[in-house]
Amino acid sequence: MKKIDLARTALVVIDLQKGIVGTGELQPCSASAVLEKNNQLAAALKNTAGLVTLVNVDPTTMQFLNPERSGGYANLPAAFSEFVMPIATDSNAKNVIKVTKHNPGAFFGTDLDLQLRRRDIDTIILTGVATANGVYATALDAYQHGYKVIVVEDACADRDIELHQIFFEKLFTKLGQVATTKEVLEMI
């Protein structure tokens, strides 16, 4: 595998937060397995020239963008949007940013593109939950914004195994590169 330029690379982690990871069974990897792989990647990038970008969703703000989609979000637990990765609260991690999204993709309606371009990022290592929703929407937007996209298959999961497989077998390969955590760690 070709080495990546860390100074131009961001790990973008989608929706590893209490209200999403803690609800429903994920496939083909469990929530704990996905979290473990993401923690490995974040640890490898901690305090390097690379950027660790943690993205969560606050569905209570979706009503401002589309009132019809906001139903059912009024009774969410207070901790719904809290990140579950330890690096989110690690005060020693100097290269971590957080982005709150209001839609499936992490680019629309956020400053993610601005944050990445300010740092001259051209490559995104993409992980998270759910494969067929937030991960795919972000991958597509990243591709359309001109970023090189590496989607880490064993650091992603979905509640629907068939959708997960279709996205990795047929869609992500059109947007960029599919890799495993081990392969990405070797590129770093």
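Tutor: Axes are lines fitted to C-alpha atoms, for helices over the stretch in contact, and angles run from 0 to 180 degrees between N-to-C directions. The model discussed here is predicted.

Student: What makes helix 5 roughly parallel to helix 6?

Tutor: Helix 5 (residues 131-144) packs against helix 6 (residues 161-175) at an angle of about 5 degrees, the axes being 11 Å apart. Angles under 35 degrees count as roughly parallel, and therefore helix 5 is described as roughly parallel to helix 6.

Student: Which residues make the contact of these two helices, and how do they divide into nonpolar, polar and charged?

Tutor: Helix 5 contributes residues including Val 135, Tyr 136, Ala 139 and Leu 140, while those of helix 6 include Leu 163, Phe 167, Phe 168 and Leu 171. The division is 12 nonpolar, 2 polar and 1 charged.

Student: Which members of the largest nonpolar core touch the most other members?

Tutor: Of its 32 residues, these are Leu 11, Val 52, Leu 54, Ile 87 and Val 184. Elements that each supply at least two residues of this core include strand 1 (9-14), helix 2 (31-45) and helix 7 (181-187). Apart from this core lies another, of 25 residues, with Ala 139 and Phe 167 among them.

Student: What is Val 184 in contact with, leaving aside neighbours within four places in sequence?

Tutor: Its partners are Leu 41, Ile 125, Ile 150, Val 152 and Ala 179, contact being heavy atoms within 4.5 Å.

Student: Where is Pro 28 placed?

Tutor: Pro 28 belongs to the loop between helix 1 and helix 2. Beyond four places in sequence, Pro 28 contacts Ile 161 and His 164. From Pro 28 to Cys 156 the C-alpha separation is 8.6 Å, although 128 residues separate them in sequence.

Definitions and conventions
Residues are numbered from 1 along each chain as its sequence is written. This is a predicted model: local features need pLDDT of at least 70, side-chain atom pairs count only at pLDDT 80 or more; totals for chains, interfaces and linings use all residues. Side-chain values use heavy atoms; hydrogens and water are left out. A nonpolar core is a set of buried Ala, Val, Leu, Ile, Met, Phe, Trp, Tyr and Cys residues joined through side-chain atoms within 4.5 Å. Buried means under 20% relative accessible area, exposed over 50%, partly exposed in between (1.4 Å probe, protein chains only). Helices (H or I, at least four residues) and strands (E, at least two) are DSSP runs, numbered from the N terminus. Angles under 35 degrees count as roughly parallel, over 145 as roughly antiparallel, 65 to 115 as roughly perpendicular and the rest as oblique. Ala, Val, Leu, Ile, Met, Phe, Trp, Tyr, Cys and Pro count as nonpolar, Asp, Glu, Lys and Arg as charged, and the others, Gly among them, as polar.
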